[in-house]
Amino acid sequence: LCRGGLAERLCRLQNRERSAISFWRHQCIADDKIPSDKSGVLIVKILEIFEECTIQVAICQQLEESPATLSLEDAVINAEEPILKVLFTRETAAHLKSRPQDVIHIYPPWQKLLVQNSDVPVIMNTYFSQKVLLSEHSEAREKTYGLTKMLIRKNIISLAQTFRLDDPDDKLHQESSDNQVPCAPQTHNHGDSKQHPSALSAVNDSLLEMVESQGAVGWREVQVRVVIQRVYCLPAREGYRSHTQGHKSLLSNGGMFYRLCLLVQDAYGMFSEVQLQSLSSTDDVEQYCRRWEGKSCCLAGMKILQRTTRGRALGLFSLIDSLWPPVVPVKVPGQSQDSEMVTNNLPPPSFCYILTVQSGKIHMEVDEEEQISNLYQPPAVHGLKEILRMDGCNERCSFWAQVLYRRLQTKHSVPIDQREMLLFVTDSTLQNVVHGIPRVVVVSVTASCVLSVEIIEALSAGSRLVFFKDALWGNGRIICVERTVLLLQKPLLCSAAGADLSELSGPVRLDELDSTTQASSVCALRGTVVGVNESTAFSWPTCNRCGNGKLELCPQDRELLYCNQCSEIVTTPVLKMQLEVFLSCPSRSQSTVKVKVWHEISVALFALLTMLLFLQTYEVQSVLGKEVGLLNCYVHSVTSHPNCVALEEIVLL
């Protein structure tokens, strides 16, 4: 807030007001009596209660001042006094817990508002109010009623009716607003809607109007129609597990639990994130993306989990910004919908409501047979070359790439399920580049990015084409964070925006090691062996069928090796080894290049090292000066003091 501005002054005033109200109520409770000063006190008897726009409206009749010992039945009603309409805020109403026939004392500074063309005065500023129990009989009645929940009628007033818009659709909203429904604490499953047709009769198209009219407690009587822009998973908080008892979570990986979430948008352009609590673990995230994205749905049985802002949820708003401005004109509250509206100049949303279901029950109707909504914005697919040239920061991007190599960060202080994974990817736009842009880029997959079981298994099996949807680009890095989705199939709807999305033809080429090579990257290496680190050299035999590296001596013949996984004798084991060699590379002539060669060895180097390590009768001089062909390597570190590059030979997927 601007220092000294109106907003800051209003905030201070509201804080002082809340403090004064709390102090006054605390004083009344501590004194255990009604304040003795009756000057200016308005005494009313409630005849009827209903709720409108989150305000509780009480139709009351003013009482003549009477002693506190007077019973409720004997309270004198002045027939000549006009009927009053008393307004209570949500907090005041929750404190009073009023019912019809209750007597309320309203202390100054209450105000009376005379509305034009209305005979009923309105009483406002009723923060200092107290319910009066006039007899023991009334006190007993209060205790009895306190055990049951009061059903309060709610009048749903649409924005169209408030602003007196003349659209044909607005007349329908006006008619629906006349259907007043009870505020009963009930929710419905999918099958319950047929049994209770009146409970979910009203359908709205404004998320903000639903929040203002229904409040944070929950939407029980009406539905809101929205468009599903994105479907993704989020890691569940610790408290989530207690809400899923008796249900199967969507995904469970190493003890981690996840929620299926929807990013929805209403007809006014407002976004909201809907967090669904439980689905079958056999369901796949990819199928929900295909079935639901772009479709309209009606939500009911929701409650507000949080109202978040841009500063508190940068990841969420980076996704919202990628969907802004809307592709079609949206409705604007207070304006006629007949006039043409320009969507380019609309300011992006500054807040978003996080919604969740109530009591583990949900009512959500998705019309999967319906055509894709005009408001839906499919992911804009770009080539990696185009993404690397983007100037923005923290922008969402979608691309289709070949995964060549994956590597899990090995920080031992971090649990395995919280470690970052690096995926090295390329596409046709990078393989055809001559200079200036790398042929392979690294994509960091954070622990908050939920990977489906299908994706994990596919990456373990070999190189795959993967669709990265809504990854984050900024500061020269591509990061998969919360709300990023990895798919094995391209979405049915996506905008290519003229990008070259042709598949790779021919073998993949890596950039050769040079002065621009950075740590945590991959490169191709060639050079001459100038040294060997004998202290780190070792080798071990593996099974030529399954690759098991823990072979044992055969019990029947101690000269043969036995594989427990295959349950067979290994007659031709594959020798795997590790050795650190120092190379002289023309591209880094001033640097010491140290390469860890292990597991799968290139053919040219394999025969040489097999002889050296297996027979153990070698001389280092026989290795020195040997030429090493193009090796695919991962760069561990690049230092300038000393000038050294540490690499490790890798096998591409």
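Predicted model: local features only at pLDDT ≥ 70, side-chain atom pairs only at ≥ 80, totals over all residues.
Residues are numbered from 1 along each chain as its sequence is written, and side-chain values use heavy atoms, with hydrogens and water left out.

Helices (H or I, at least four residues) and strands (E, at least two) are DSSP runs numbered from the N terminus, and two strands pair if DSSP finds at least two bridges between them. On these terms, three strands in the order E26-E27-E28 make up an open sheet with antiparallel pairing. Its edge strands, E26 (552-553) and E28 (568-570), each pair on one side only. Three antiparallel bridges connect strand E27 (residues 561-563) with E28, and Leu 561 stands opposite Val 570 of E28.

Turning to the aromatic side chains, rings of Phe, Tyr and Trp (its six-membered ring) pair if their centres lie within 6.5 Å; planes under 30 degrees apart count as stacked, over 60 as edge-to-face and the rest as tilted. Nine aromatic pairs are found in the whole structure. In one of them, Phe 351 and Tyr 353 are edge-to-face because their planes meet at 85 degrees, with ring centres 5.8 Å apart. Burial is judged by relative accessible area (buried under 20%, exposed over 50%, partly exposed in between; 1.4 Å probe, protein chains only). Phe 351 is partly exposed at 22%, while Tyr 353 is buried at 12%. Phe 351 also has the charged end of Arg 307 over its ring, 4.3 Å from the centre; here a charge sits over a ring if NZ of Lys or CZ of Arg is within 6 Å of the ring centre and within 35 degrees of the ring normal. Arg 407 is likewise placed over the ring of Tyr 634, at 4.1 Å from its centre. Elsewhere, ring pairs join Trp 24, Tyr 107 and Phe 128 in a cluster.

In helix H8 (residues 285-292), the buried residues are Val 285, Glu 286, Tyr 288, Cys 289 and Trp 292. These residues line one face of H8, because they fall within an arc of 165 degrees seen down its axis (the arc is that of the directions from the helix axis to the C-beta atoms). After H8 comes Gly 294, with a positive phi near 85 degrees.

Helix H9 (residues 314-322) contains Leu 316, which is buried at 1% relative accessibility. The C-alpha atoms of Leu 316 and Glu 482 are 8.2 Å apart, although 166 residues separate the two in sequence.
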